[in-house]
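Hi there,

Here is the structure you were asking about, with some notes to go with it. Have a look at it first, then read on.

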Amino acid sequence: MEPSAAKAPSTLAEASRERRDIVSGEVMEEARLIRFVVGPEGQVVPDLARKLPGRGLWVAADRASVQTAAKKGLFARAAKAKVTASADLSDQVEMLLKRRLLSALGLARKAGDITSGFEKVSATIQAGKAAWLIEARDGAADGRRKIMAVARKQQPQPRVFGLFAAEELGLALGGENVIHTAFLAGRAAERWAEDARRLEGFSPLLPEDWREEPAEAKREP
């Protein structure tokens, strides 16, 4: 029952609140951690919005840390109770983070913080208004190279996200065949970036076959 979007910190203190990672013992900001709670049947449940009742069990937002906590019984040790952590817990976290990011895109579109389409996105980037360039992972390589070349000319450059298919973006944004999207800089983009950074600990934000494309884009006129 994960809420569709993260709750924005209401105060500076809340935004910078720190917790201890049960794996490393390191104290770090909540933004770098995943909160888990123990469900009614003793199952460890991800609480990405940090709203579920119960004592929070905090783990660094990366796949290795979550897997270590599950395999070595660190959730049970921290909870001081017999609990069960699914073997695919890190995959669950990745899936839930992706859902949150898609849901947040839909809310941002309604708030006017999203623009889509090659020309509109290019203009938004050139105006320095884009915090994120969100590219469909199954979009045409030629169009992607061209728009990423535009993004690279900006300082600072918008970050690039490429994990969602055009169909997924279309469903989230109320359109069809959504290939190029820009998330305008602002508080909504900052909240979205927090979940994107957490997701990056579980999955690269760009497909592997895009790695060589920037060099190719530089050769375009």
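Below is what turned up, starting with the cores and ending with a helix.

First, the ground rules: this is a predicted model, in which local features need pLDDT of at least 70 and side-chain atom pairs count only at pLDDT 80 or more, while totals for chains, interfaces and linings use all residues. Residues are numbered from 1 along each chain as its sequence is written, and side-chain values use heavy atoms, with hydrogens and water left out.

The largest nonpolar core has 44 residues. By nonpolar core I mean a set of buried Ala, Val, Leu, Ile, Met, Phe, Trp, Tyr and Cys residues joined through side-chain atoms within 4.5 Å; buried is under 20% relative accessible area, exposed over 50%, and partly exposed in between (1.4 Å probe, protein chains only). Among the residues with the most contacts inside this core are Phe36, Phe75, Leu105 and Trp192. Elements that give two or more residues to the core include strand S3 (33-38), helix H2 (63-71), helix H4 (89-110) and helix H8 (187-200). H4 gives the most, with nine residues. (Helices, H or I of at least four residues, and strands, E of at least two, are DSSP runs numbered from the N terminus.)

Trp192 is in contact (heavy atoms within 4.5 Å) with Leu101, Ala104, Leu105, Trp132, Ile134, Phe161 and Phe183, leaving aside its neighbours within four places in sequence.

Beyond its neighbours within four places in sequence, Val66 is in contact with Phe36, Val59, Ala60, Phe75, Leu89, Ser90 and Phe202.

What about a charged side chain? Glu30 sits in the loop between strand S2 (27-29) and S3, and is buried, with a relative accessible area of 4%. Its side chain makes a polar contact of 2.9 Å with the side chain of Arg17, and another of 2.9 Å joins the side chains of Glu30 and Arg19. A polar contact here is a pair of N or O atoms within 3.5 Å; within protein, one must be able to donate a hydrogen and the other to accept it, and residues adjacent in sequence count only if both atoms are side-chain atoms.

Finally, back to H4: at 1.5 Å a residue its 22 residues should span 32 Å, and its end C-alpha atoms are 32 Å apart, which agrees. The expected span is 1.5 Å times one less than the number of residues. Just after H4, Gly112 takes a positive phi of about 85°.

Best wishes
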